[in-house]
Amino acid sequence: MPFGFDLVRFIAGSCAALCLFVSSAFAVDVATMDGKTITGELSDLASEQLVLESGGNVNAISLDRVMTVSWPENKAKPAAGGSASQQIRLTDGSQLRGSQATGDGLTVSFASSAFGTISVPFRNVKSLLLKPLDDVTREPWQELLSKTAADDRLVIRKGDVLDFLPGVVTEYNESEISFLYDGSEIDVPIAKVFGIIHAVAMQPGTQARCAVETVTGERLLVQSVALQGQELIASTGPQQQIRCSTENISRLDFSLGRVVYLSDLTPEGTEYTPFFDTIWEYQRDRTADGKQLQLGREKFSRGLWIHSRTELTYRLAGEYTRLHAVMGIDHGVAAAGHGDVDVIIRGDDEVLYQGNVNARMDPIPLDLPLSGKRFLYITVDFGKGLDIGDHLDLVDARLLK
């Protein structure tokens, strides 16, 4: 079944303890595909549109135009100790937090912090994290997740090191894990295990239309969402639904498959023209010295760092409609008054943007049309200061389908 769910069971008693009733309208921020944000009371949400009420006006918005719906008043609730100490990652990209994970070889049952008790096929579970991540284990755990393997891996923490045993996880409960290792089945106390990584490939669900993100840090991919009273009803497959109060939801992300960040793409061509002999290669999601991209006081996790003179070429193949981004001189050099570049952005032979960017300017938002364009060319050229601190940040740079 799509999205890793053959069966999703909503336990009313569990969710009632988590879901507090609120008024029939909900204050939300709706970010649209054209880069605008609309704030109002969410009075209706169905399969094709949502309805906002603001200042006596009613605004019906097609979900095809919606990027995200956010509940700014719903604050994050960090997982508290043993009550939500486990994390499950599904092969469709969903991530759940909670406790009481059990698996019988066919099905995994899990008590989600926000969605109640959920059952998923064993084959659709990529990993089960049994201990909280910290600064020491976060990166090694992600590295293990990213590597393909022919066997399941039983991950053990030894001091500051994560090690693992290859084998087959056959089943587990709240006290022990049955593990086939080197031809013998052994029972391993679950208290000694850091996590389980199954030998299955990630399979992002192509039918997912929305990701439901919760205040407890969970992200569940679903086919559709609807509002019913004080509850959000999400469909994860035919005849499969979950329900939860909007008080437990931080955001609905409708951008799945429709937004691609430039930093996730590899340019088809790169051309560098150094001022002297040093070539400064462009960087993704960081500066050349590994720092976070920053314009003024605001830091950004996504974007490109581009030194003059650089030209990047991206193949679009007519798949995208717009480019959204913000650009400016990186704070690392702008704070000292350095940085002056000329920027030209073209779609095929058409100049979409041309202008100067320097350290004295506020960040510049970009919203450029790309419909029908085959290639995108981004040129950062020498400005008036020649090559003194010419570090341009093109942040939140994303292509919209």
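This is a predicted model: local features need pLDDT of at least 70, side-chain atom pairs count only at pLDDT 80 or more; totals for chains, interfaces and linings use all residues.
Visitor: OK, which order do the strands take in the open sheet?
Guide: The order is E18-E19-E20, paired antiparallel. Strands here are DSSP runs (E, at least two residues), numbered from the N terminus, and two of them pair if DSSP finds at least two bridges between them.

Visitor: Why is one side of E18 and of E20 left without a neighbour?
Guide: Strands E18 (224-228) and E20 (240-245) stand at the edges with a single partner strand each, so one side of each has no neighbour in the sheet.

Visitor: How many bridges join E18 to E19?
Guide: Five, with E19 covering residues 231-237. Serine 224, for instance, has serine 235 in E19 as its bridge partner.

Visitor: Switching to the largest pocket: what's its volume?
Guide: About 490 Å³, meaning the space filled by probe spheres set on the grid points, which are joined across faces, edges and corners. A pocket is an open set of points on a 1 Å grid over the protein atoms alone, where a 1.4 Å probe fits, with protein on both sides within 12 Å along at least five of seven lines; lining residues have an atom within 4 Å of a point.

Visitor: And which lining residues are closest to its centre?
Guide: Of the 20, they're Met67, Asp253, Ser255, Val259 and Tyr261.

Visitor: Which strand gives the largest share of that lining?
Guide: E22, with three residues.

Definitions and conventions. Residues are numbered from 1 along each chain as its sequence is written. Side-chain values use heavy atoms; hydrogens and water are left out. Helices (H or I, at least four residues) and strands (E, at least two) are DSSP runs, numbered from the N terminus.
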